[in-house]
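Let's take a friendly walk through a protein model, with sheets and charged pairs as our stops. Have a look at the picture, then read on.

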Amino acid sequence: MKIKFLLGISLLTFSVLLSGCAAKDKDAAGSKQLSEVKVASWSQPITEQTNLLVGEEKSFYKENGIKITFIPGAGGGDAIKNILTGAADIAFTDPGSLYFALDKGEKLRVIYNIYPQNVFNVVSLTEKNITKPEDLKGKKIGVYSLSSGTRQNLLLLLHQAGLSEKDVTIVETGLLNFAPLMQGQVDATAATDTGLETGKQKGLSDVNVIEVKDYLNIPSDAFVVTEKTYQEKKDLLISFLKGYQQSAQWMIDKPQEAASLAVKLAIDGKDVNSNLKIIDLRNSSSLSSDPKDKALGALDPEVLQKGADIYQGLGLIENKLDMSQVVIQDLVPKK
């Protein structure tokens, strides 16, 4: 009887161990089912991109079978280079960098409108008396990098004033491009609304701001893929966009939670209150000003076409681009 009892315990213990191993294997198998999506950004992981960085903390991407690998860059041109070389699946990039790549004959597709509002600007100290694009002539101007949207949008403003890159001195200043402005190393700096907010938090005051959207309000950033990726990974792209759209809506609905998570996830996210201001700005730019575009990420080929035409008219690109052949609207999740 005692032997049977001990045998029963042994069998029960063995059964429990097997169950535990099976559960562990199931968990491991479950994690293996997540498909990796490599997203090449124009920047380092920063506060305004918190919703893209929460793959481990939130379930938006996991629920859609996605695991994100974030690939940093130094400008939209870098992001596009990464998808062209196969280092990434998706580029988080600006229209200017997109136009330049298309002008060179690259086969690309736009699959999601990240920020419908143009958030770029040129900032200067009031003492410099730079209030319009014409005032930039002969000035030293900082940009994030030569392959960034800050440079592309600066060129746009210059052309609006009949000026070119030869009429100014462009200086690469890096992401924290307001320090050179405050230290007098440049006369003005090309930036974004969130960049300006960060500058103000670091003591920047009494500035003039030229808003690029007053001259051309095209989207600030979009998700772009190669034609090959679009043709071969449609299901993966759809799953990613579902997760991203959900994460963007979460950041709009719960900015305070996003601001708190940014402390851990973003290189510039040290202060929750500062994070919240940046997130509020980026949430606003995520919403289209067109009431017809109700879904986050909705694409308007006509707006991007207008931008391409203006870039060509200003001599920034050589060839006529047909954005109707580039913009893909069937992957954006519909609400």
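What follows is a short tour of the sheets, the helices lying across them, the salt bridges and a surface patch. Keep in mind that this is a predicted model.

Start with an open sheet of five strands, in the order β2-β1-β3-β10-β4, where the pairing is mixed. Strands of a sheet pair through backbone hydrogen bonds, either parallel or antiparallel. Which strands sit at the edges? They are β2 (66-71) and β4 (108-115); each has a single partner strand, so one side of each has no neighbour in the sheet. Going from one strand to the next, the twist averages 25 degrees.

For a look at one pairing, take β1 (residues 35-40) and β2: they run parallel and are joined over six bridges. Here you'll find K38 standing opposite T69 in β2. Helix α3 lies across β1, β2, β3, β4 and β10 (221-226), and runs at about 170 degrees to β3.

**Another sheet**

There's also an open sheet of five strands with the order β7-β6-β8-β5-β9, and its pairing is mixed too. At its edges stand β7 (169-172) and β9 (207-211), each with a single partner strand, so one side of each is left without a neighbour in the sheet. The twist here averages 30 degrees from one strand to the next.

Strand β5 (residues 120-125) and β9 run antiparallel, with five bridges joining them. In this pairing, N121 is opposite E211 in β9.

Now for the helices. Helix α5 (residues 149-160) lies across β5, β6 (140-143), β7, β8 (188-192) and β9, at about 80 degrees to β5. Helix α7 (residues 193-201) lies across β5, β8 and β9, at about 120 degrees to β8.

**Charged pairs**

Side chains of opposite charge can pair when their charged atoms come close. How many salt bridges does the structure hold? There are twelve. Here are some of them:

| Lys | Asp | Closest N to O |
|---|---|---|
| K233 | D89 | 2.9 Å |
| K132 | D135 | 3.2 Å |

Let's begin with the salt bridge between K233 and D89. This pair links distant parts of the chain, 144 residues apart: K233 is in the loop between α8 (227-232) and α9 (234-253), while D89 is in the loop between α3 (76-84) and β3 (90-93). Is D89 buried or exposed? D89 has a relative accessible area of 10%, so it counts as buried.

In the pair of K132 and D135, K132 is partly exposed at 38% relative accessibility, whereas D135 is buried at 17%.

K320 lies in the segment after α12 (301-313) and D309 in helix α12 itself, eleven residues apart. K320 is exposed, with a relative accessible area of 56%, and D309 is partly exposed at 29%. Elsewhere, salt bridges with shared partners join E48, D193 and R282 into one network.

**A nonpolar patch**

Last stop: the surface. L175, L176 and I267 form a nonpolar patch there, with about 260 Å² of accessible area together. Where does I267 lie? I267 is in the loop between α10 (255-265) and α11 (272-285). With a relative accessible area of 43%, I267 is partly exposed.

Methods:
Residues are numbered from 1 along each chain as its sequence is written. This is a predicted model: local features need pLDDT of at least 70, side-chain atom pairs count only at pLDDT 80 or more; totals for chains, interfaces and linings use all residues. Side-chain values use heavy atoms; hydrogens and water are left out. A salt bridge is a side-chain nitrogen of Lys or Arg within 4 Å of a carboxyl oxygen of Asp or Glu. Helices (H or I, at least four residues) and strands (E, at least two) are DSSP runs, numbered from the N terminus. Buried means under 20% relative accessible area, exposed over 50%, partly exposed in between (1.4 Å probe, protein chains only). Two strands pair if DSSP finds at least two bridges between them. Axes are lines fitted to C-alpha atoms, for helices over the stretch in contact, and angles run from 0 to 180 degrees between N-to-C directions. Contact means heavy atoms within 4.5 Å. Patches are made of residues with over 30% relative accessible area and no salt bridge: like charges are joined within 9 Å, nonpolar side chains (Val, Leu, Ile, Met, Phe, Trp, Tyr) within 5 Å. Accessible areas come from the Shrake-Rupley method with a 1.4 Å probe; for residues, only the protein chains shown count as cover.
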